[in-house]
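Q: Please walk me through this model. I would like to learn how to read its features.

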Amino acid sequence: MSDLIAAWSPEQKNAFGKTPITFQHRLLESRLFEDETLARVLDAYPAELYDINLFDFDADGQHTMRTGARGRRSGQEVLEGVKEGRIWVQLRRAEAWYPQLGPLIEAAFAGIAGQAQGFKPIQLNGQLILSAPGAKVPFHADAPGVVLFHLRGRKRIWIYPPDETHMPQKGMENILLKQQTEDLPYRREMDAAAQVFDLEPGLAAAWPLHAPHRIENLGTFNVSLSVDYQTWESRLINGAHYANGVLRRWGMPVAAMDKTPAVARAGLWAASLGLKRARLVEDRIKGFERSFELGTDAPSEARP
C-alpha cells in the first residue's frame, strides 16, 4: 500500500516530536485487523510475547494491575473475552511475529518521515493491542518514542507535558534502570495540564519523547497498533538517563537533561554501554507473576 499517511499541514510538520498531534492514516485498508484474522493471530502468537492485563482503578484514578495467562483458550475465545470484559491483550514484537504487519509499519513510518523534518527512525517495534469496552491504561510514560495508530472502536487519550511535575527525571532514570515500571504517580489535578484527544478509527496520535499519558476506552471494543521508535537522538537521551541514574546512586551530581549539551549526552550514552554490560543495577521488574488464567480463576469480568 502507498500513501498510508495523509498529507500533514505545516503546523503538524512543525509540531511532530515537540507537542502532541493527531493525523489520519489508512492502515485499516490492509484488512489485517478484522475478527477472523485477529483470532488466528491470537492462536499462533508466542506465549512469552503475549500479555493479558487487568487494571483496577479506585475513585482517585489510582490503579492496581493483575497479569494473566491465556491458558487453554482459543484465539477466538480470547477475542470474545476481551470484548466482554475489562482485560486488554498486548501482542509484543508484532512487526516480527505478525509478519504482514512489518512492511505496513515500515511504510507508515516512511510516510511520517517524509513529512516530519529531520525524523529518521533507526528502530521500530510494534505492539498490537486489543482492549475491552471499559478498559483503561493508567498514567505512564514510555522510554522510546511512540506513535499510536487507532484502528477499531473509540478511545480518549490524555497527554501531559514531559516536565519535572509530570515526568520527573529521576523517574525516567528508574524506568530505564528497570527499578520501576513505566507507571507513574498520578493525581487528578494533573489533568488540567493535559491535552485531550478522542481517537476514532483511522486516526493516529504522536507526542514528545517521555510525555506521560493515560487512556480510557469509550464503551467499545478497541484495536490499536502502538509502535515504539528509536532515533539516534532518543537513543542518546535514554543512554544519558541510564548513566545519570547510576551516577545518582553513587551520590554524584546529575544535571537536568534539558540543560545537558549534546556532546555531554553522547558521552553519557557511551558510558551507559559499559555500565549496562557491568550489570551494576539489579533489574527489579523482571518476572511479573501471572495471577489469573482466562476461563479458570480469572475475575468474572475477564472470563471469556
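Q: How many aromatic pairs does the rule count?
A: Rings of Phe, Tyr and Trp (its six-membered ring) pair if their centres lie within 6.5 Å; planes under 30 degrees apart are stacked, over 60 edge-to-face, and the rest tilted. Here the count is 10 aromatic pairs. One of them joins Phe-109 and Phe-119: it is tilted, with 6.3 Å centre to centre and 40° between the planes. Phe-109 is in helix α5 (residues 101-113), while Phe-119 is in the loop between α5 and β5 (123-131), 10 residues apart. Helices (H or I, at least four residues) and strands (E, at least two) are DSSP runs, numbered from the N terminus.

The model is predicted: local features need pLDDT of at least 70, side-chain atom pairs count only at pLDDT 80 or more, and totals for chains, interfaces and linings use all residues. Residues are numbered from 1 along each chain as its sequence is written, and side-chain values use heavy atoms, with hydrogens and water left out.

Q: Are Phe-109 and Phe-119 buried or exposed?
A: Buried means under 20% relative accessible area, exposed over 50%, partly exposed in between (1.4 Å probe, protein chains only). Phe-109 and Phe-119 are both buried. Phe-109 also pairs with Phe-149, edge-to-face, at 6.1 Å centre to centre and 75° between the planes. Phe-149 lies in strand β7 (residues 145-152) and Phe-109 in helix α5, so this pair ties together parts 40 residues apart in sequence. Phe-149 counts as buried because its relative accessibility is 1%.

Q: Which residues form one aromatic cluster?
A: The cluster consists of Trp-8, Phe-16, Phe-23, Phe-109, Phe-119, Phe-149 and Tyr-229.

Q: Which ring does the charged end of Lys-83 sit over?
A: A charge sits over a ring if NZ of Lys or CZ of Arg is within 6 Å of the ring centre and within 35 degrees of the ring normal. Lys-83 has its charged end over the ring of Phe-221, 5.3 Å from the centre. Lys-276 lies over the face of Tyr-242, 5.1 Å from the ring centre.

Q: At what angle do α7 and α8 pack?
A: Axes are lines fitted to C-alpha atoms, for helices over the stretch in contact; angles run from 0 to 180 degrees between N-to-C directions. Helix α7 (residues 232-249) packs on helix α8 (residues 262-278) at about 65°, and their axes are 7 Å apart. Contact means heavy atoms within 4.5 Å. Among the residues that meet are Tyr-242 of α7 and Lys-276 of α8.
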